[in-house]
Amino acid sequence: MIESPLLQKLMAERTHDLIIDALKDRFGTVPRDVTKHLRAIIEEKKLRQLNRVANRCSDLEEFREVLLS
């Protein structure tokens, strides 16, 4: 399948929303800097990693460290 930049962006936005929802469910509010950095990422591999981290990290600082690495 050939992925267009538009399709990649739409898939990334969906994944961003899922990650943010997971973080909100676990920790309440999500800081704007985390949301801003997350939404700048469109690479599927990195987003899959962040989704796994969002579902198992012990706190938002741990998630932020992986996000910024």
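## Leu18

Leu18 sits in helix 1 (helices are DSSP runs of H or I with at least four residues, strands are runs of E with at least two, and both are numbered from the N terminus). At a relative accessible area of 45%, Leu18 is partly exposed; here, buried means under 20% relative accessible area, exposed means over 50%, and partly exposed is in between, using a 1.4 Å probe and protein chains only. Leu50 is 32 residues away along the chain, and the C-alpha atoms of Leu18 and Leu50 are separated by 10 Å.

A word on what you're looking at: this is a predicted model, where local features need pLDDT of at least 70, side-chain atom pairs count only at pLDDT 80 or more, and totals for chains, interfaces and linings use all residues. Residues are numbered from 1 along each chain as its sequence is written, and side-chain values use heavy atoms, with hydrogens and water left out.

## The largest pocket

Leu18 also turns up in the lining of the largest pocket, along with Glu3, Gln8, Met11, Ala12, Arg14, Thr15, Ile42, Glu44, Leu47, Arg48 and Asn51. The search runs on a 1 Å grid over the protein atoms alone: a pocket is an open set of points with protein on both sides within 12 Å along at least five of seven lines, whereas a cavity is a set where a 1.4 Å probe fits but cannot get out, and lining residues have an atom within 4 Å of a point. The volume of this pocket comes to about 280 Å³, counted as the space filled by probe spheres set on the points, with grid points joined across faces, edges and corners.

Which helices each supply at least two residues of the lining? Helix 1 (5-27) and helix 3 (44-56) do, and helix 1 gives the most, with 6 residues. Sorted by class, the lining has 5 nonpolar, 3 polar and 4 charged residues. For that sorting, Ala, Val, Leu, Ile, Met, Phe, Trp, Tyr, Cys and Pro count as nonpolar, Asp, Glu, Lys and Arg as charged, and the others, Gly among them, as polar.

In soluble globular proteins, nonpolar side chains tend to be buried together. In this model, the largest nonpolar core has 18 residues, and Ile19, Leu23, Leu38, Leu47, Leu50, Phe63 and Leu67 touch the most other members. Helix 1, helix 2 (32-39), helix 3 and helix 4 each supply at least two residues of this core, and helix 1 gives the most, with 5 residues. A nonpolar core is a set of buried Ala, Val, Leu, Ile, Met, Phe, Trp, Tyr and Cys residues joined through side-chain atoms within 4.5 Å.

Take Leu23, found in helix 1. Its relative accessible area is 0%, so Leu23 counts as buried. Leaving aside neighbours within four places in sequence, Leu23 is in contact (heavy atoms within 4.5 Å) with Gly28, Val30, Val34, Ala54, Leu60 and Phe63.

How many salt bridges does a search of the whole structure find? The search turns up 4, a salt bridge being a side-chain nitrogen of Lys or Arg within 4 Å of a carboxyl oxygen of Asp or Glu. Arg64, placed in helix 4 (residues 60-68), pairs with Asp33, the closest N and O atoms being 3.0 Å apart. This pair links distant parts of the chain, with Arg64 in helix 4 and Asp33 in helix 2, 31 residues apart. Arg64 is buried at 15% relative accessible area, while Asp33 is partly exposed at 32%. Contacts of Arg64, not counting residues up to four places away in sequence, are Pro31, Asp33 and Val34.

Arg64 also meets Glu61 in a salt bridge (2.2 Å, N to O). Both lie in helix 4, 3 residues apart, about one turn of the helix, and Glu61 is partly exposed at 41%. Salt bridges that share partners join Asp33, Glu61 and Arg64 into one network.

Because Glu13 and Lys9 are 4 residues apart in helix 1, about one helical turn separates them. Glu13 is partly exposed at 31% relative accessibility, and Lys9 is partly exposed at 47%.
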